[in-house]
Structure formats: C-alpha cells, structure tokens
Amino acid sequence: MQNTEATIRTVVQEVLAQLHKQNGKAPAKSERQNGDWGVFTDTDQAIAAAHEGFEALQKSTMEARAKIVEIVKRICNDQAEELGRLELEETKVGRLEHKIEKLQIIKKVPGVEWLKSDAMSGDHGLTVVEYAPFGVIGAITPVTHSLPTLAGNVINMVAAGNTMVVNPHPSGKKIACEGVRRFNRAIYAATGLQNIINIVSEPTLESAERIFAHRDVKVLCVTGGPGVARAAMASRKKAIVAGPGNPPVLVDETADLDNAARSVIAGGGYDNNLLCIGEKEVFVVESVFDEFMAAMDRAGAKRLNSSQVDQLSKTAFSPPENADDHYHLNRDLVGKHASFLAQQIGLSLPESTPLLFGETDESNPFVPEEQMMPFVPIVRCRDWEHGVDLCEKYEHGFKHTSLIHTRNVRRMSIMGRRMDTTLFIKNGASPAGLGLGGEGYLSFSIATPTGEGVTNPLTFTRQRRCTLVDDLRVI
C-alpha cells in the first residue's frame, strides 16, 4: 500500500511539473529546494540543489543543454542595458557602456558545439573517447565582472553537462543573484529543468570554504585575486584557477606608434582598467619615447606631469609597512573614472576621458602593482632587450598576459618565449587575445596558475574511453 501511495505521489508530482512547464508557471517552493530560483541563504542547500539538478541534467538531452546556452546568451544580450546598470550601481566600479558591452559579447563564449567524440579504429575493433561532465562545479566570481563571469561560466560548464554552485564576490552578490534568478526562470520555462545554477545569497569566507570542502562539489573554478586563488589550489579538489595578472607592454623603435597608443588606451582604459588582461604598465624604447608620448596625446589620453604623477601615486597607494610588505591600493580609487582620479589631484577633466598616463621610473608603485585604475605608467628602457627584461620582471611570473608593439617578427618570437604568458598579443589591444578584435573565443575565466588557459566547455569535462574489441571495424 505504501509503495502504491508513493508511486501515485510521484506520478502526480511529474504531472504537475509538466503542467507548470506548459503554462510557464513557477514550481512550488518545495520543488525548488527552498531556494528562490536558485538563490539560497544556506550553502548546504545550494549544494544539495545543484546535485539534484545535475542528476536531472544527466537524464536530459544535448538539445536541452543547447537551449540553456541560448537562453543565457539571449538574456545577457537583450537585457544588457538594465543588468549592466544594476551591476554598476551595486559594485560602483567601471564604466556603464562597458558593463553593457561585456554582457552583449557573452554570445562569443563557446557552447555545446565544442563538445566532440574522438574515434580510433584498427585491427582490434573500435574505441570512442567522449567528454563527460564532472558533476557539481563550485565557482567563485569576482566583483570586477560579476555577472559576465558568472554567465560565461554557466555557458561553458552547463554546455559540458555540469551544474553549478556559486559563491559570488560580496560586493557583486545582488547582480549575480538577479542574473541567476532570470536564467533559472527561463531555463525552467523552456526545459522543465531546475537547480541548474545555484548561488549563495550572502557569501562569506565560511560559505566559500564549505563549497571547497563539500564532497558533492567535484571541481572548483575560481576567478579572483591571489588569496582566493591560493585557497583553491590548496584544496584537495581539482581546481581551475584564474589568478592575478599585471600585463606589461613593450613598444620598440619599429612599432606603429599611433596604433600602439590607440591599443594601450583601448585595453588599459576598458572598464577603467578592471580587465585582468588590461595593459597595466608600458615600457618604451628610449629612441621613440617622446614620439610615443605624443601619440598618446593625439589618441585622446590625458598626460600628467611629474608632479601630478607623484601626487596620484601617493593618493593611490600606501607604502609598505615592512621589508616583506608591498604597496597597498587605495580601494576607493579602483575602477573609478579617469576624471575621478584627476579630481583627487586637483584636475578637472571630462568624464569621457578614457585614460591618464605619465612618465615614471620602475620604482613607482603603479608599475609592480596590479592597480586596476585608468592610469598607465610609461617607463623608458634603453633598447628592446632591456624592455623584455623589465616586462619579465614586472609580470611577476604570473604567466597571464603580455603585449608587444613591433614590426620585427624575430623580436615577437623572442619575447613570446621569454614571457611564457597564457596570452601574448602583438600589435593590438589586450582584448584581441580574447577574440575581441583578434581571432579566438571569449571567456572571462583565464586559468593561468593551473594551466588550462582561456576556459571553454572542454575545460570542464573528463575523458571517458569506450572500447569494443574485434568488431565495428568495417574497413
């Protein structure tokens, strides 16, 4: 009798779920694991929901995954202005037009089309290698690109067949949660699938640690600063870590200086230099230094004199407290407009000013620190070899991003080998390394410390090999 009643309840629940799907109505709260369309106050509940979501996704189809990818891309594009404005209002870093654009370009993130099967056939039959999901992926997202990073991860991870539990940056949690709600509502209406994307509404260090340690979380994907990157790599789980960068630029005497200046402004000024790939310090060969500075003037950046550079440096950084310490950022200036930085030193500039620049030496804190402000220090170097030495020194071995402007192909090769960075861009702005003005595809998670590089759906899969012995070789 009990088995019969349980069967009846199961059938009724399935019928109701199907009716909800057909009518576009929300499922009951109990059906959503006590969450608000994937938004949970309790970390364990979020993980449990993600685990149930994965079990349902496994039983679903590749077509359903493709629909989810299409939904996320469509919402990001169609609602970019509203969502971009909400993100800027919450985080208070970056530029509105770039917040909007970062959502519109989510369509460039690869989806299910990247999944493939490999086959090997021979005298002893047929072997097929397929790319399978891990399960629940724990993700940490940054404040600099809160919703774009989350959306890009959804596309990559769900296309690969995984579900997610996200611990967002506390300063970007509201927009991240709003994005999750919108995605999940649309996913449920189109596919009937629930709990594909799950997020902790009040993220803390403790909630991140719980995700790192939970047995049902199979893989970690962390996009953030040095601290969270180290924590992820110290866990016992497979970790895909997008760590810090401090991208240097070398401009030699053969370069197209006007193109180099436009590129530095386009990359270094984008979203007020919040991009981890953005140009952070520029080393220019002595013989063309003055010409390059003039090219920066022509391209629309604002040059600061030595006194103004000194003032800004003292405002933007506090000095080390001891020999083992380093300069500390003034967080109130991170991601602010160039005009706001100028205001701090008594200058009045239009809000449209894309970037400040000025000559410094290599001891200025803007050179070694990943500062995420729209000021770029320009440093003289004796020749291109000296420039490569300085680039290598101040990239700090992060192996993230480096750039060169030169017409000498041999120099490109030498610097590329020396820097050994995940992204190496020649004669263009840094976004070209992510398919924005250059060839390639987009991701907001660039795994440098763990080596996966620019992430894509295959990053979040494991290989499975299936062998049939002595049959289905038809040649």
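**Group meeting: a walk through the model**

Let's start in a loop: Asn195 sits between α7 (173-191) and β6 (197-200). Those helix and strand labels are DSSP runs, numbered from the N terminus, with helices being H or I of at least four residues and strands E of at least two. Before I go on, this is a predicted model, where local features need pLDDT of at least 70, side-chain atom pairs count only at pLDDT 80 or more, and totals for chains, interfaces and linings use all residues. Residues are numbered from 1 along each chain as its sequence is written, and side-chain values use heavy atoms, with hydrogens and water left out.

Back to Asn195. Its phi is near 60°, a positive value in a residue other than glycine. Most residues other than glycine have a negative phi. Is Asn195 buried or exposed? Asn195 counts as buried, because its relative accessibility is 9%. Buried here means under 20% relative accessible area, exposed means over 50%, and partly exposed is in between, using a 1.4 Å probe and protein chains only.

Asn273 has a positive phi of about 65° and is not a glycine either. You'll find Asn273 in the loop between α10 (257-268) and β10. With a relative accessible area of 0%, Asn273 is buried.

Okay, on to the core. The largest nonpolar core has 94 residues, and Phe183, Val251, Val282, Phe283, Phe292, Met296 and Ile378 touch the most other members. By nonpolar core I mean a set of buried Ala, Val, Leu, Ile, Met, Phe, Trp, Tyr and Cys residues joined through side-chain atoms within 4.5 Å. Which helix gives the most to this core? That's α6 (residues 146-159), with eight residues. As general background, nonpolar side chains tend to be buried together in soluble globular proteins.

Let's zoom in on Phe183. Leaving out residues up to four places away in sequence, Phe183 touches Ile71, Val72, Ile75, Cys76, Leu147, Leu150, Ala151 and Ile197. A contact, by the way, means heavy atoms within 4.5 Å.

Now two helices. α3 (residues 62-78) packs with α6 at an angle of about 170°, and their axes are 9 Å apart. The axes are lines fitted to C-alpha atoms, for helices over the stretch in contact, and the angles run from 0 to 180 degrees between N-to-C directions. So α3 is roughly antiparallel to α6; under 35 degrees would be roughly parallel, over 145 is roughly antiparallel, 65 to 115 is roughly perpendicular and the rest is oblique. On the α3 side, we have Met62, Arg65, Ile68, Val69, Val72, Lys73 and Cys76, and they meet Ala151, Val154, Ile155, Val158 and Ala159 in α6. What is that contact made of, by class? There are 10 nonpolar, no polar and two charged residues. Ala, Val, Leu, Ile, Met, Phe, Trp, Tyr, Cys and Pro count as nonpolar, Asp, Glu, Lys and Arg as charged, and the others, Gly among them, as polar.

Next, the aromatics. How many aromatic pairs does the structure hold? Six. Rings of Phe, Tyr and Trp (its six-membered ring) pair if their centres lie within 6.5 Å, and planes under 30 degrees apart count as stacked, over 60 as edge-to-face and the rest as tilted. Take Phe283 and Tyr394: their ring centres are 6.2 Å apart and their planes are at 20°, so this pair is stacked. Phe283 belongs to strand β10 (residues 281-285) and Tyr394 to helix α14 (residues 384-395), so the pair ties together parts 111 residues apart in sequence. Both Phe283 and Tyr394 are buried.

Compare Phe317 and Tyr327. Here the centres are 6.3 Å apart and the planes are at 80°, so the pair is edge-to-face. Phe317 is in strand β12 (residues 317-318), while Tyr327 is in the loop between β12 and β13 (328-329). Phe317 is buried at 6% relative accessibility, whereas Tyr327 is partly exposed at 29%. Those two also form one aromatic cluster with Phe366 and Phe375.

Last stop, Thr144, in the loop between β4 (136-140) and α6. Thr144 is buried, with a relative accessible area of 12%. What does Thr144 touch, not counting residues up to four places away in sequence? Glu87, Lys99, Lys102, Asp271, Leu274 and Met372. And that's the tour!
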